[in-house]
Amino acid sequence: MSDAVKPDRPDADLVLEYEFDAPPAKVWRAVTIPALRERWLPDCDLADAEPEATITGEEVRYRLRDSEPPFRESHVIFRIEPNEDGGTRISIIQQACDDDTKLPQPANSNCCLMRAAA
């Protein structure tokens, strides 16, 4: 038996959970109002400052982009729910994006479609 730690799969989600004394509505504003969100999740870290998807009061999804090449992208999802103490439980989930869909493909790649067109 080995104590070696297995590396994470590259497609594994990173999930962080926090509890706050603040009510869910206040936490929701902090993750969705740009001026408040900018303090801890700046626009320069986002692929687009607008959320990709929103379930009002419960979940919001943004797309992140690395600031250095190869400019990898990921999704960050904020799930908000009330906890039993009247505060808020927030789950922050980061998911890697599919690299094949975001990288531009060369025009002369000789992929199947290019060969079929010839």
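Here is a walk through confidence, sheet, helix, core and loop.

**Before you click.** This is a predicted model, where local features need pLDDT of at least 70, side-chain atom pairs count only at pLDDT 80 or more, and totals for chains, interfaces and linings use all residues. Residues are numbered from 1 along each chain as its sequence is written, and side-chain values use heavy atoms, with hydrogens and water left out.

**Stop 1: color by confidence.** pLDDT is the predictor's confidence in each residue, from 0 to 100. The protein averages 81, with 73% of its residues at 70 or more. Confidence is highest in α1, at a mean of 95, and lowest in helix α3 (residues 99-102), at 48. Now select residues 1-7: pLDDT stays under 50 there, and the model gives them zero contacts beyond four places in sequence. A contact here is heavy atoms within 4.5 Å. Helices (H or I, at least four residues) and strands (E, at least two) are DSSP runs, numbered from the N terminus.

**Stop 2: the sheet.** Select the strands. In which order do the five strands sit? They run β1-β5-β4-β3-β2 in an open sheet with antiparallel pairing. β1 and β2 are at the edges with a single partner strand each, so one side of each has no neighbour in the sheet. From one strand to the next, the twist averages 20°. Two strands count as paired if DSSP finds at least two bridges between them.

Zoom in on β4 (73-82). Pick V76: its bridge partners are Y62 and, in β5, Q94. H75 has Q95 of β5 as a bridge partner. Seven of the 10 residues of β4 are buried, so the rest of the structure largely encloses this strand. Buried means under 20% relative accessible area, exposed means over 50%, and partly exposed is in between (1.4 Å probe, protein chains only).

Follow β4 into β5 and you're in a hairpin with five residues between the strands. Click G86 in that turn for a positive phi of about 90°.

Stop 3: Select α1 (24-32). α1 lies across β1, β2, β3, β4 and β5, at about 165° to β4; axes are lines fitted to C-alpha atoms, for helices over the stretch in contact, and angles run from 0 to 180 degrees between N-to-C directions. Show the side chains of V27, W28 and V31, the buried residues of α1. Look down the axis: these residues fall within an arc of 105°, so they line one face of the helix. That arc is taken from the directions from the helix axis to the C-beta atoms. Their cover includes α2 (34-37) as well as β1, β2, β3, β4 and β5.

**Stop 4: the core.** A nonpolar core is a set of buried Ala, Val, Leu, Ile, Met, Phe, Trp, Tyr and Cys residues joined through side-chain atoms within 4.5 Å. The largest one has 13 residues, and V31, Y62, F78 and I90 touch the most other members. α1, β3, β4 and β5 each supply at least two of its residues. What does I90 touch? Leaving out residues up to four places away in sequence, its contacts include L16, F20, V27, V31 and F78.

Stop 5: Finish between β3 and β4, at P70. The P69 to P70 peptide bond is cis, with omega near 10°. F71 is in this loop too, and its phi is near 55°, a positive value in a residue other than glycine. F71 is partly exposed, at 39% relative accessible area.
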